Amino acid sequence: MRIEDINFFAPVGRLVLTLLAEIGRVALFTKDALLVGLSPRYFWGQIGAQLFRVGYTSLPVVAMTAFFTGGALALQIYTGSSPTTAGTLVPSIVALGITRELGPVLAGLMVSARVGAAMAAELGTMKVTEQTDALVTLSTNPIKYLVGPRLVAAVVSLPLLVAIGDAIGIMGGYFVGTRNLGLNWASYLKVTAEQHIFEDVRSGLIKALAFGFIIALMGCYHGFNSKGGAQGVGRATTNAVVSAAILILAANFVLTSILFGAH
Amino acid sequence: MAEPFIKLSGVKKSFGSKHVLNGLSLSVDKGRSLVVIGGSGTGKSVMLKCILGILQPDLGVIEVAGQNAIGLRGDARDEYLRRFGMLFQGSALFDSLSVWENVAFGLIQGRGMARAKARDMAIEKLGLVGLSADVGNLMPSELSGGMQKRVGLARAIAADPEIIFFDEPTTGLDPIMADVINNLIVDCVQRLGATTISITHDMASARKIADDIAMIYKGEIIWQGPAKMVDRSGSPYVDQFIYGRADGPIKMDVLKG
């Protein structure tokens, strides 16, 4: 066995170089997506279709996730509090947890699994069947026609989905708190209303904006870079969901540090 | 002597350590139909993608109508691409659009034509390739392979381009449908007076649609001449390819047991 074969630094170096190359490709794609995809002219039909697909059709998934998460959160907070404090703690922590963290993060993860995967699969199939090349021969820039509308749709839809999800999540907590845990409904609503909830909702919506961008960017990036037929498209789909999920969680940490770190 | 309408000189393109085009030079005169023959992986499709700007060559010159075609951006690139139509090997029809929307795509999105007018033009072009107006409302997935090729051809000629590329136009079709497609190509090209480059393995197709034939091997054009001269090319590579012989100067990477 040669010394080069057991060199520990060679695989680490390869990994680092691969990672740096991937970061570079993502950065270049992001630049193109922003400068080309979001510059005039706009394909309004495509934007409308994507708004429907990303926003409207994701509504049931986000609503159900928010409702059950709000309910489960209420149960856990009740378990951890005393009977005298439960009436205050359950509604306040449900509202805070849903609007600040769980609403945007879970909506982001659900939409990335649903929409990010679909974007990667659709664009990946278009890539391997030369449909993206066909766009070029028809004087249409694929980034402008395919990526721009998806970015716009995701960035617009996610905050709307999170706002609706926040309301439904709080309703889930209210439903479980008043029906299962015996909390007083009027007191529950009063405590929730006193939480200065709009500040928390605003922070959640800022996060949703960033998550929407991440989901569309990763879906489009991996779709556009898929190669090698069905297996390549499958790999692109998996990579789109995994990378979006990791970036959403990382971005959530960074945004939470920025928005709440000083308090 | 007039300058060639399409001219490639010393074009090189590599993907990592794989050299696909090795200084390829080629010329096509205006209004001529050139068919490029050659085995799989010899660089035929990469050559077309370099001319269209889908791929950037590493080295060399590509000129169309005397205009440099490499590195075009923005409006200049859009203007350049408006000269072209292309029929893809797998047709590359957009799954999410109906047949007429596919044919009219370049007119509506690329040239800003009103939908109603573009639809009329699309139906007219579908008629030229032998498809009725009813087909226009179907989705691509509802069509047979031969019909998809015809829709792809209608889309390629929809904007009456000056230059048309045909990428393996008869691959995957039965001999009769292949001949139908060949006839449609000849008919459409004559009608438009377009300059065309076709790439194919199918010698019957090449003989039918070509004015000139060029053979590509290992990323270089090793022979180019009039179609009627292809049987007397004097090149053992061309002879081996057109007669489909396993033995000859072209060696296939086939493992023997």
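**Notebook: a look through chains A and B**

I started at B:Ser91, which counts as buried because 26 C-beta neighbours sit inside 10 Å. The cut-offs I used: buried takes 20 or more other C-beta atoms within 10 Å of a residue's own, exposed takes 12 or fewer, partly exposed is in between, and C-beta atoms are placed from the backbone. I also looked up its phi, which is near 70 degrees, a positive value in a residue other than glycine. B:Ser91 sits in the loop between β6 (84-87) and α3 (99-110) of chain B.

Housekeeping before I went on. This is a predicted model, where local features need pLDDT of at least 70, side-chain atom pairs count only at pLDDT 80 or more, and totals for chains, interfaces and linings use all residues. Residues are numbered from 1 along each chain as its sequence is written, while chains are lettered from A and ligands numbered from 1 in the order in which they are written.

**Chain A**

I went through the elements of chain A and got nine helices and zero strands. (Helices are DSSP runs of H or I with at least four residues, strands are runs of E with at least two, and both are numbered from the N terminus.) Its C-alpha atoms fill a box of roughly 65 × 60 × 35 Å along the principal axes. Of the 263 residues in chain A, 45% are buried. I then checked contacts (two C-beta atoms, placed from the backbone, within 7 Å). Among contacts in chain A with a separation of 6 or more, 89% are between residues 24 or more positions apart.

The bond from A:Pro40 to A:Arg41 is cis, with omega near 10 degrees, and A:Arg41 lies in the loop between α1 (9-37) and α2 (44-54) of chain A. A:Glu130 has a positive phi, near 65 degrees. I found A:Glu130 in the loop between α4 (83-128) and α5 (131-137) of chain A, and it counts as buried, with 21 C-beta neighbours inside 10 Å.

**Helix α6 of chain B**

Next I picked α6(B), residues 175-192. Its 18 residues reach 26 Å from first C-alpha to last, close to the 26 Å expected at 1.5 Å a residue (that is, 1.5 Å times one less than the number of residues). Which residues of α6(B) are buried? I listed B:Ala178, B:Ile181, B:Asn182, B:Leu184, B:Ile185, B:Cys188 and B:Val189. Down the axis of α6(B) they fall within an arc of 165 degrees, so they line one face of the helix; the arc is that of the directions from the helix axis to the C-beta atoms. On the other side, B:Pro175, B:Ile176, B:Gln190 and B:Arg191 are exposed. The buried residues pack against several elements of chain B, including β3 (33-37), α4 (115-128) and α5 (145-157). After α6(B) comes B:Gly193, with a positive phi near 65 degrees.

**Where the chains touch**

Last, I looked at the two chains together: 16 residues of chain B are in contact with eleven residues of chain A. On the chain B side, α2 (74-81), β6 and α3 each give two or more residues. The largest share, four residues, comes from α3(B).
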